Amino acid sequence: FFRHFAPQGALPLSFGDSLAGERLLRLLLLLLCVLAVLVGSPESSQRTMALEVFVVRHGERIDYVDRNWLSKAGHGRADDPHLAPKGEKQVQELASRLATSGITAVYSSPFLRCVQTANGVAERLSVPIRVEPGLSEVLWEFPPGLLSIEELHQRFPLVDLSYGSVVPRAALRSEHTDGDAAHRA
């Protein structure tokens with residue numbers, strides 16, 4: 001879908017091995033297309049400024065390249081792997097690519113790999129990171145082993161503690177299908 005309709009020079013997206021992640025991203029892209037049609041509708045009574053949204057998936061995860069990553073991680077959050085070295089490099093490339101984009105805020109799922117990815121861009125652009133639990137993938141393990149917003153802020157000072165999420169962490173529930181996650185998203 002994205003490769004077919006993406007403008008020339010658009011950032012390539014990688015879905016990795018996650019079918020659920022690909023489906024969630026496709027749903028998000030579809031919703032953004034609907035939003036773009038509604039915002040750009042000639043029937044709109046006011047002229048609005050264009051809204052440009054960049055959808056980015058996290059860099060390569062450590063658990064995709066190192067089966068023993070959890071024993072080295074120093075924590076027991078099996079569902080919250082950090083970025084692999086290649087993922088860290090991907091973040092730097094992404095931050096360079098978006099350096100002149102005019103982005104004013106970065107929204108991220110609370111998973112560590114996602115906040116790491118968001119942080120690279122946010123640091124480069126000097127913008128806040130707004131952690132949104134509703135952007136999480138299907139929550140196969142529940143409750144998810146995530147760092148608290150305060151812990152994320154300690155590690156990544158650009159995490160905005162004043163941001164009020166649309167889907168509070170307390171509202172997350174066990175999910176078993178892509179449809180469950182799509183309903184939440």
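Trainee: What does Y163 count as at 22% relative accessibility?
Mentor: With a 1.4 Å probe and protein chains only, a residue is buried under 20% relative accessible area, exposed over 50% and partly exposed in between. Since Y163 has a value of 22%, this residue counts as partly exposed.

Trainee: What pLDDT do local features need in this predicted model?
Mentor: The term pLDDT stands for the predictor's confidence in each residue, on a scale from 0 to 100. Residues are numbered from 1 along each chain as its sequence is written, and side-chain values use heavy atoms, with hydrogens and water left out. This is a predicted model in which totals for chains, interfaces and linings use all residues and side-chain atom pairs count only at pLDDT 80 or more, while local features need a pLDDT of at least 70.

Trainee: Over which residues does pLDDT stay under 50 with one contact beyond four places in sequence?
Mentor: The protein averages a pLDDT of 77, and 70% of its residues score at least 70. Where pLDDT is low, the predicted coordinates should not be read in detail. Residues 1–17 stay under 50 and have 21 contacts beyond four places in sequence, a contact being heavy atoms within 4.5 Å. The stretch that is under 50 and has one such contact is residues 37–42.

Trainee: In what order do the elements of the protein run from the N terminus on?
Mentor: Helices (H or I, at least four residues) and strands (E, at least two) are DSSP runs, numbered from the N terminus. The protein comes to seven helices and two strands. Read from the N terminus, the order is α-α-α-α-β-α-β-α-α.

Trainee: Why is the pair of Y107 and Y163 described as it is, and what is that description?
Mentor: A pair of aromatic rings is described by the distance of the centres and the angle of the planes. Rings of Phe, Tyr and Trp (its six-membered ring) pair if their centres lie within 6.5 Å, with planes under 30 degrees apart called stacked, over 60 edge-to-face and the rest tilted; by this rule there is one aromatic pair. Because the centres of Y107 and Y163 are 5.7 Å apart and their planes stand at 75°, the pair is edge-to-face.

Trainee: How many residues apart in sequence are the parts that this pair ties together?
Mentor: Y107, with a relative accessible area of 45%, is partly exposed. Y107 belongs to strand 1 (residues 106–108), whereas Y163 sits in the loop between helix 6 (149–155) and helix 7 (178–184), so the separation in sequence of the parts tied together is 56 residues.

Trainee: Which element do the buried residues of helix 4 pack against?
Mentor: The buried residues of helix 4 include G87, V91, L94 and A95. Seen down the axis of helix 4, they fall within an arc of 100°, so they line one face, the arc being that of the directions from the helix axis to the C-beta atoms. The face turned away from this buried side carries the exposed residues P85 and K89. What the buried residues pack against is helix 5 (112–125).

Trainee: How far apart are the C-alpha atoms of S108 and P133?
Mentor: S108 lies in strand 1 and, at 4% relative accessibility, counts as buried. Beyond its neighbours within four places in sequence, the contacts of S108 include V115, I129 and V131. S108 and P133 are 25 residues apart along the chain, and their C-alpha atoms are separated by 8.0 Å.

Trainee: What is phi of S126 near?
Mentor: Most residues other than glycine have a negative phi. S126 lies in the loop between helix 5 and strand 2 and is exposed, with a relative accessible area of 63%. Its phi is positive although the residue is not glycine, with a value near 55°.
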